[in-house]
Amino acid sequence: MHGTCDTCTTYSGKTVETQSILTCPNCGHKKTEIMPTNACVYFYECEQFKTRLKPLKGDCCVYCSYGTVKCPPIQVGENCC
C-alpha cells in the first residue's frame, strides 16, 4: 500500500484494502463494494441482471473470484472462512 488509503483497515495486525470492484462474468457490470472483515461473501447478486454469483472452484468468496482485490484474510495470507 502506498501513501494514504481511505479504504484500508487493520486485519490480523496488518493493513488490508477493503474496497474491491466486482465484475459480473456474465454481463460485465462493475460495482465498487466494501468487503467485510468479519464475514465471507459467498453469494452476490449482480445489480444489472440480478444474476446470482458464487465463488469459482478453489476460491473462498466472490471477491477472490470476481474482485479487483482479494478478501482481507487472503490479503494477509490466512485461510478465508
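**Note on a predicted model: cavities, hairpins and a ring pair**

1. The structure is a predicted model, and every value below is computed from it.

2. Which residues line the second largest cavity? They are Leu22, Thr23, Cys24, His29, Lys30, Lys31, Tyr44, Cys46 and Leu53. Lys30 and Lys31 are the charged pair in this list, because Lys counts as charged. Strand 3 (19-23) and strand 4 (30-34) each give at least two residues to the lining.

3. The largest cavity holds about 50 Å³ of space. Its lining has eleven nonpolar residues, no polar ones and no charged ones. The residues are Met35, Pro36, Ala39, Cys40, Val41, Cys61, Tyr63, Cys71, Pro72, Pro73 and Cys80. With a threshold of 30 Å³ or more, the cavity count is two.

4. Take Cys40 from that lining. Cysteine 40 sits in the loop between strand 4 and strand 5. Is it buried, exposed or partly exposed? Cysteine 40 has a relative accessible area of 27%, so it is partly exposed. Glutamate 78 is 38 residues from cysteine 40 along the chain, and their C-alpha atoms are 13 Å apart.

5. Strand 3 and strand 4 run antiparallel and are joined by five bridges. Isoleucine 21 has threonine 32 in strand 4 as its bridge partner. In general, side chains in a regular strand alternate between the two faces of the sheet.

6. The hairpin of strand 3 and strand 4 has six residues between the strands. Glycine 28 lies in this loop. Its phi is positive, near 85 degrees. Glycine 28 has a relative accessibility of 39%, so it counts as partly exposed. Between glycine 28 and valine 62 there are 15 Å in space, C-alpha to C-alpha, and a separation of 34 residues in sequence.

7. A second hairpin is formed by strand 1 and strand 2, with two residues between the strands. Strand 1 covers residues 8-11 and strand 2 covers residues 14-17. They run antiparallel, and four bridges join them. Threonine 10 has threonine 15 as its bridge partner in strand 2.

8. Which residue of this hairpin takes a positive phi near 50 degrees? Serine 12 does. It is found in the loop between strand 1 and strand 2. Serine 12 is not a glycine, yet its phi is positive, about 50 degrees. Most residues other than glycine have a negative phi. Serine 12 has 45% relative accessibility, so it counts as partly exposed.

9. Lysine 50 also has a positive phi, about 60 degrees, although it is not a glycine. It sits in the loop between strand 5 (44-45) and strand 6 (52-53). Lysine 50 counts as exposed because its relative accessibility is 52%, and the cut-off for exposed is over 50%.

10. How many aromatic pairs does a search of the whole structure find? One. Tyrosine 42 and phenylalanine 43 form it, with 5.0 Å from centre to centre. The angle between the planes is 90 degrees, and the pair is edge-to-face. Tyrosine 42 is partly exposed because its relative accessibility is 41%. Phenylalanine 43 has a relative accessible area of 42%, so it is partly exposed.

11. Phenylalanine 43 has another contact. The charged end of arginine 52 sits over its ring, 3.8 Å from the ring centre. The ring of phenylalanine 43 therefore takes part in the aromatic pair with tyrosine 42 and also lies under this charge.

12. Last, the segment after helix 2 (72-75). Asparagine 79 lies there. Is asparagine 79 buried or exposed? Its relative accessible area is 74%, so asparagine 79 is exposed. Asparagine 79 and cysteine 27 are 52 residues apart in sequence. In space their C-alpha atoms are 30 Å apart.

Methods. Residues numbered from 1 in each chain as written. Predicted model: local features only at pLDDT ≥ 70, side-chain atom pairs only at ≥ 80, totals over all residues. Heavy atoms only, no water. 1 Å grid on protein atoms, 1.4 Å probe; cavity = no way out; pocket = protein on both sides within 12 Å on 5 of 7 lines; lining within 4 Å. Points joined across faces, edges and corners; volume = space filled by probe spheres on them. Pairing = 2+ DSSP bridges. Buried < 20%, exposed > 50% of the residue type's maximum accessible area, 1.4 Å probe, protein only. Phe/Tyr/Trp six-rings, centres within 6.5 Å; stacked < 30°, edge-to-face > 60°. Lys NZ or Arg CZ within 6 Å of the ring centre and 35° of its normal.
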